[in-house]
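Work through these exercises with the model in view. Try each task before you read its solution.

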Amino acid sequence: MERHSLEPERVPPPGERRYLFLGARRVVLFTLAGTLHAIDDSCPHQGASLFGGKLSGKVLRCPAHGLRFELDGGGQQDGGLCLTRYRIDQSGDEVAIWA
């Protein structure tokens, strides 16, 4: 894993998401209820992009097959698959993602 510092304009405002290329990785960054969540854009089921998935609270629904994942822990609701989540370091306005 490599540390990637983000410019402030790349951090999404509350309730929104951003699609980021960090090295060779495609990452979706969410700001939800004051917390940042960084996940791999690829669904663990069959690799579909998660960027356009529907959010209900902190649950993301894969647009391809409807699988639902908890952003807090990364686990699938009613299943055994897990999202790839990335560590976030945040200090004031400075944000870095380990991806």
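This is a predicted model: local features need pLDDT of at least 70, side-chain atom pairs count only at pLDDT 80 or more; totals for chains, interfaces and linings use all residues.

**Exercise 1.** State how many helices and strands the protein chain has, and find how its radius of gyration compares with the globule rule.

*Solution.* 
- Step 1: Count the elements. The protein chain has 0 helices and 9 strands.
- Step 2: Turn to size. The radius of gyration is 13 Å, close to the 13 Å that the globule rule gives for 99 residues.
- Step 3: Conclude. The protein chain is therefore as compact as a globular protein of that length.

**Exercise 2.** Classify Y19, F21 and F51 as buried, partly exposed or exposed.

*Solution.* 
- Step 1: Recall the cut-offs. Buried is under 20% relative accessible area, exposed is over 50%, and partly exposed lies in between.
- Step 2: Take Y19. Its relative accessible area is 31%, so Y19 is partly exposed.
- Step 3: Take F21. Its relative accessibility is 54%, so F21 is exposed.
- Step 4: Take F51. Its relative accessibility is 31%, so F51 is partly exposed.

**Exercise 3.** Describe the 2 aromatic pairs of the structure.

*Solution.* 
- Step 1: A pair of aromatic rings is described by the distance of the centres and the angle of the planes.
- Step 2: Take Y19 and F21. The ring centres are 5.2 Å apart and the planes stand at 85 degrees, so this pair is edge-to-face.
- Step 3: Take Y19 and F51. Here the values are 5.6 Å centre to centre and 80 degrees between the planes, and the pair is edge-to-face.
- Step 4: Locate this second pair. Y19 lies in strand β2, F51 in the loop between β4 and β5, so the pair ties together parts 32 residues apart in sequence.
- Step 5: Ring pairs link Y19, F21 and F51 into a cluster.

Technical notes: Residues are numbered from 1 along each chain as its sequence is written. Side-chain values use heavy atoms; hydrogens and water are left out. Helices (H or I, at least four residues) and strands (E, at least two) are DSSP runs, numbered from the N terminus. The radius of gyration is taken over C-alpha atoms; the globule rule is 2.2 Å times the number of residues to the power 0.38. Rings of Phe, Tyr and Trp (its six-membered ring) pair if their centres lie within 6.5 Å; planes under 30 degrees apart count as stacked, over 60 as edge-to-face and the rest as tilted. Buried means under 20% relative accessible area, exposed over 50%, partly exposed in between (1.4 Å probe, protein chains only).
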